[in-house]
Amino acid sequence: MNAPTPGAWIAQTTHFSDLDLKTLNFRIGTDRYTSPEWAQRERENVWLKCWQIVGRTDELPEAGDWKEYRLLDQSYIVVRGQDGVIRGFTNACTHRGNALCEGRGKASRFMCPYHLWSFGLDGKLLGVGRPDLVGPIDKAQHGLKPVSVDCALGFIFLNPDPQAVPLAQALTQGVMDGLAPYKLDEMVPVGMDVREELDCNWKVVIDAFSEGYHIIGVHPELLSIMDLEPGQSRFGFYGDHGMAVAPFEVKNVANCGIDEQVEGIRSLPSTFPTVAEVLPRFEQLVDECRDASGAIVLPEGMTVRRLLQRATRETLTGKGMDVSGLIDDQMSDSQGWFLFPNFFMTIRAGEATTIMVYPHESGDPNKCVWHCTAYMWLPEAVRAQYRAQPVDVKERGSYPYFLALQQDYDQMQRQQRGLRNRGLTHMQLAQEEVSVARFHGVVDKYVAD
């Protein structure tokens, strides 16, 4: 049986012109962003029913490494056992319900500080304080309450629902096949790994990162290097999840000369910092195309875009990354992946930026917490050296995000102020915001249950 061609699945995605927009609702009520009743329905039908990312597997590298995951008023422990398996438990002693731990740490067992009941890393009850005062007890019946936990793509997923379907079924084969060749599990946070509270609903964040239409107003500097061509995107829909990608080109490639296109590539690091690593090889390839007068003359069939793709492939291969499962377009084009309910990621060969957003612990629909991380593929020997340390922002607005992310940070909170106005009852989406409309369709499906 022949092996699948790398990137072949991309050709099976749907071009914008082939989408059936009539199946989507582009008129979205604003109460879902501000109503406590909506937030409560989401709590019960979305957050307590869906698989969600709670960390990276390399956060818990050794037996006994654990972390707490808080979801609204719920708390869970995620821990790597002596057998290497990562498990999850409700963060409550089965004696009197006392919370066992907070934050993250390392332990050989969990000890309840209230009455000194102890539990193994597998959740089993090991012992009780003053057994003579406790009396007869069946330890096998009083272990920690398990919660579904599984791992994929380097991430730890948790689902609070006792009836949860397996993670592989929830993610779908389409998601796994599409993302596996990027080697996400081998990437590490570099430069940014930040959590911060925002004054907006969690869905405002998902909306913002699900469309590029807002570039014209929020990110005007991108217009100098990128074209927004209507209807050029392709979409992949995989159950509740989705992917969108538009071919990357420097601005107005059809009407500007080769030198201008090369300058456009050179300017990319101001917006896409990791391109700087590729530029030395890109410049070499450009120089190989110069004639005796120094003018750039591209061979037939070659483009500046292809030079960037070749430089990217050769640079990553030289670092030791296996990019054989990625086609040339994946060397330059950033795919936007959304995993329901709260994970957005832009990814291309060798790098990814993820945005995860969670409802605020207080349950206030006008607040949320986002977690922004920049990932790079690095050789294993240097991953620890360059790994970014997690930052939990205490003073609102004090963290220096890169420009585009800072602009989104400001815009989303400004939007929430507008959405709270009672005179506005609905938003009217544009057709370019098809991913936003689809996301809300999935929300409606869960909330209606």
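Is Cys368 counted as buried or exposed? At 0% relative accessibility, Cys368 counts as buried, where buried means under 20% relative accessible area, exposed over 50% and partly exposed in between (1.4 Å probe, protein chains only).

1. Basis of the note. The model is predicted: local features need pLDDT of at least 70, side-chain atom pairs count only at pLDDT 80 or more, and totals for chains, interfaces and linings use all residues. Residues are numbered from 1 along each chain as its sequence is written, and side-chain values use heavy atoms, with hydrogens and water left out.

2. Cysteines. With a disulfide defined as a pair of cysteine sulfur atoms within 2.5 Å, the count is zero. Cys112 is in no disulfide, and its nearest cysteine sulfur, that of Cys93, lies 3.9 Å away. Cys112 is also buried, with a relative accessible area of 2%. Cys368 likewise is in no disulfide; the nearest cysteine sulfur, belonging to Cys200, is 4.0 Å away.

3. Second largest pocket. On a 1 Å grid over the protein atoms alone, a pocket is an open set of points with protein on both sides within 12 Å along at least five of seven lines, a cavity is a set where a 1.4 Å probe fits but cannot get out, and lining residues have an atom within 4 Å of a point. The second largest pocket holds about 1,100 Å³ of space, a volume being the space filled by probe spheres set on the points, which are joined across faces, edges and corners. Its lining has 38 residues, with Glu68, Arg104, Arg195, His371 and Asp392 nearest the centre. Elements giving two or more residues to this lining include β4 (65–71), β13 (187–198) and β19 (368–377); helices (H or I, at least four residues) and strands (E, at least two) are DSSP runs numbered from the N terminus. The lining comprises 16 nonpolar, five polar and 17 charged residues, with Ala, Val, Leu, Ile, Met, Phe, Trp, Tyr, Cys and Pro as nonpolar, Asp, Glu, Lys and Arg as charged, and the others, Gly among them, as polar.

4. Largest cavity. One cavity of 30 Å³ or more is counted. The largest cavity contains about 80 Å³, and its lining divides into five nonpolar, three polar and four charged residues. α9 gives the most to this lining, with three residues.

5. Helix α9. The buried residues of α9 pack against elements including α7 (258–266), α8 (279–288) and β19, contact meaning heavy atoms within 4.5 Å. Among the buried residues are Thr312, Leu316 and Lys319. Just after α9, Gly320 takes a positive phi of about 110°.
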